[in-house]
Amino acid sequence: MKTKNKVLWSIVCLALLIACGIALVWQPRIAPITPPAAVRFDSAQIALGQRLAALGDCAVCHTRDGGARNAGGRPLATPFGTIYSTNLTPDPQHGIGSWSYEAFERAMRHGIDREGRHLYPAFPYTAFTHTSDDDLKALYAYLMSQKPVNEPTPATQLPFPFNQRYLMAGWNLLFHKSGPLKNDPSKSIEWNRGAYLAEGLGHCSACHTPRNFLGAERGGAAHFGGGVADGWDVPALNAASPAPIPWTQADLSSYLRQGFTPLHGIAGGPMAPVIDGVSGLPEDDLDALATYLASFGKKPPDAEAQVKRAAELRAQTYGRMQPVTGEGARIFSSACMACHHDGSGPHLFGVRPSLAFNTNLHAERPDNLIRTILDGVTHPAKSDLGYMPGFRHSLNDDQISALVGYLREHFAQQPAWRDVRGTTAALRAETAGKN
Ligand code: HEC
Ligand code: HEC
Ligand code: HEC
């Protein structure tokens with residue numbers, strides 16, 4: 001009798017477990033709708049949605065090179081394989097034309113598509129989930145009033161087990177916290193607004209925070225501790241920031257507006273399209289974002305100390321330029337100096353960034369610097385920042401590694417990076433044909 005009972009109980013428990021598993025994994029399909037007419041939405045709502053879409057970089061990920069805006073198909077490399085972005089235009093066949101607001105909201109907050117399938121977190125729903133109802137409705141209005149593009153996107157095919165999308169239910173259970181951010185009453189209204197923009201649609205931490213082996217952002221002190229994006233090294237924005245002069249709220253705010261500040265680097269890599277989107281926000285929002293970010297960094301020096309430190313750095317580097325000795329120095333003075341001359345003169349005009357203040361020279365790896373030298377800056381965040389030519393065809397790997405060694409030693413005055421030549425050859429091969 002006793003054993004019989006035990007067996008019975010085991011069966012009941014197992015059935016319950018399976019039922020719980022299914023309840024967790026299974027998500028209903030949401031019925032398709034006929035695409036809503038754009039006139040249904042008011043123009044102020046559409047305009048707000050457009051600004052929010054820019055903040056969320058929707059078009060950056062959802063547009064492939066040379067493809068129609070938001071029609072998807074851009075390959076995103078992840079450690080688990082290539083994931084293609086989807087068609088985000090209101091096309092009923094290939095896009096989200098048949099998605100009700102309810103279906104859109106579920107995708108943005110819970111990472112589930114209209115059919116009930118789990119989406120991969122390469123789509124930053126873990127951040128977008130914090131977006132308010134009003135903002136999500138505006139985004140929906142904007143997306144639904146774009147021109148539909150009848151274009152399929154390549155299917156994402158990850159290797160087993162990652163192709164089992166339902167496994168993302170377990171991932172979500174571990175790492176996804178849906179719903180609004182908690183207001184922190186100990187902080188200012190401005191700070192909380194900044195948190196909403198940065199942690200929500202801005203998804204700044206998606207690139208600026210390191211990830212664990214399952215691809216989830218690490219929390220706690222690792223938040224904003226730096227990461228990787230499209231092969232670029234993403235600098236930390238917290239106390240681990242490699243910036244030689246700590247960021248102030250004012251500097252952050254002007255960097256977000258223009259992609260540049262005199263005492264820091266330039267948004268020349270994957271940060272450039274982010275600036276393009278963010279800079280369209282109202283002034284108050286940009287200041288709020290900067291206030292929030294500044295609260296993570298080292299305590300910035302006061303303005304006077306900052307100017308003093310900048311002068312010191314400039315004197316230590318440009319002041320010691322003469323005479324030019326060594327191969328790296330010679331290459332710098334012939335290939336780069338014309339534009340990156342010392343701090344004297346109108347160095348802000350057309351932007352001649354002082355390399356002494358550039359975060360990339362102080363970073364742990366030389367990758368961003370080498371990428372910039374190979375391919376220049378062809379898509380500046382703002383066109384008035386100017387363009388920089390690439391040196392892929394005029395400098396060989398030995399010359400680039402001599403130059404990089406010189407820049408590191410002279411401008412950052414930090415220990416030399418290891419295997420610069422090997423990294424240069426690898427990056428040259430990886431980006432060949434792209435530029
Ligand atoms: C970092 C890149 C990235 C950004 C930024 C991004 N998306 Fe996506 N999105 C993706 C990828 C990749 C997928 C496909 C995920 C998958 O296949 O599981 C996706 C899927 C979606 C889907 C599901 C569509 C479908 O047909 O299944 C919606 C809705 C969506 N994104 C909306 C947005 C909106 C709105 C924004 C801007 C606020 C945005 N995305 C920004 C990468 C991105
Ligand atoms: C697609 C990845 C990506 C996203 C999203 C992103 N960043 Fe960046 N960010 C970078 C990279 C890469 C750099 C290095 C500079 C470059 O690209 O030229 C950078 C640089 C920066 C810098 C300069 C740091 C320094 O010390 O030079 C700041 C400040 C910054 N980002 C703020 C933000 C904010 C605020 C957001 C959200 C609104 C954000 N980033 C979103 C990739 C990203
Ligand atoms: C024709 C002028 C010109 C020349 C020559 C030039 N640069 Fe630049 N460089 C620029 C401009 C302009 C920018 C800012 C681009 C932007 O983001 O708009 C820049 C940016 C940079 C950056 C910052 C990139 C970032 O994302 O932070 C580095 C590093 C750099 N240059 C290094 C070099 C080196 C090394 C050489 C020589 C091999 C060189 N440059 C030659 C004009 C030039």
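User: Which residues come nearest to ligand 3?
Analyst: This is a predicted model, so a word on the ground rules: local features need pLDDT of at least 70, side-chain atom pairs count only at pLDDT 80 or more, and totals for chains, interfaces and linings use all residues. Residues are numbered from 1 along each chain as its sequence is written, chains are lettered from A and ligands numbered from 1 in the order in which they are written, and side-chain values use heavy atoms, with hydrogens and water left out. A residue is near a molecule or strand if one of its heavy atoms lies within 4 Å of it. Ligand 3 has 24 residues around it, and the nearest are Ile 266, Cys 336, Cys 339, His 340 and Met 388.

User: Which helix gives the most to the shell around ligand 3?
Analyst: Helices here are DSSP runs (H or I, at least four residues), strands are E runs of at least two, and both are numbered from the N terminus. At least two shell residues come from each of H14 (327–336), H16 (367–375) and H17 (397–412). With three residues, the top giver is H16.

User: How far is the polar side-chain atom of Asn 360 from an oxygen atom of ligand 3?
Analyst: We're talking polar contacts, meaning a pair of N or O atoms within 3.5 Å; within protein, one must be able to donate a hydrogen and the other to accept it, and residues adjacent in sequence count only if both atoms are side-chain atoms. Ile 266 uses a backbone N or O atom, 3.2 Å from an oxygen atom of ligand 3. For Asn 360, the distance from its polar side-chain atom to an oxygen atom of ligand 3 is 3.1 Å.

User: Which protein residues are donors of the iron atom of ligand 3, and what geometry does the site have?
Analyst: Donors are N, O and S atoms within 2.8 Å of the metal (3.2 Å for Na, K and Ca); water is not among the atoms, so sites may look incomplete. Four donors are tetrahedral if all angles lie between 85 and 135 degrees; four are square planar and six octahedral if opposite donors are over 155 degrees apart and all others between 65 and 115, and anything else is irregular. The six donor atoms make angles of 86 to 178°, and the site is octahedral.

User: How many residues apart in sequence are the parts that His 340 and Met 388 tie together?
Analyst: His 340 sits in the loop between H14 and H15 (359–362), while Met 388 sits in the loop between H16 and H17. The pair therefore ties together parts whose separation in sequence is 48 residues.

User: Is His 340 buried or exposed?
Analyst: Buried means under 20% relative accessible area, exposed over 50%, and partly exposed in between (1.4 Å probe, protein chains only). Met 388 comes out at 21%, so Met 388 is partly exposed. The relative accessible area of His 340 is 12%, so His 340 is buried.

User: Which residues coordinate the iron atom of ligand 2?
Analyst: Cys 204, Cys 207, His 208, Gly 268 and Met 271 come nearest among the 24 residues around ligand 2. At 2.0 to 2.2 Å, the iron is coordinated by His 208 (NE2) and Met 271 (SD).

User: Where do His 208 and Met 271 lie?
Analyst: The iron site of ligand 2 is octahedral, with angles of 88 to 179° among its six donor atoms. The pair ties together parts that are 63 residues apart in sequence, because His 208 lies in helix H9 and Met 271 in helix H11 (residues 271–278).

User: Which residue is the only protein donor of the iron atom of ligand 1?
Analyst: Around ligand 1 there are 24 residues, the closest being Cys 58, Cys 61, His 62, Tyr 120 and Arg 165. An N or O atom in the side chain of Arg 165 is 2.7 Å from an oxygen atom of ligand 1. The iron's only protein donor, at 2.0 Å, is His 62 (NE2).

User: How many residues of helix H8 are buried?
Analyst: Helix H8 spans residues 189–199 and is mostly covered. Its buried residues include Trp 191 and Tyr 196.
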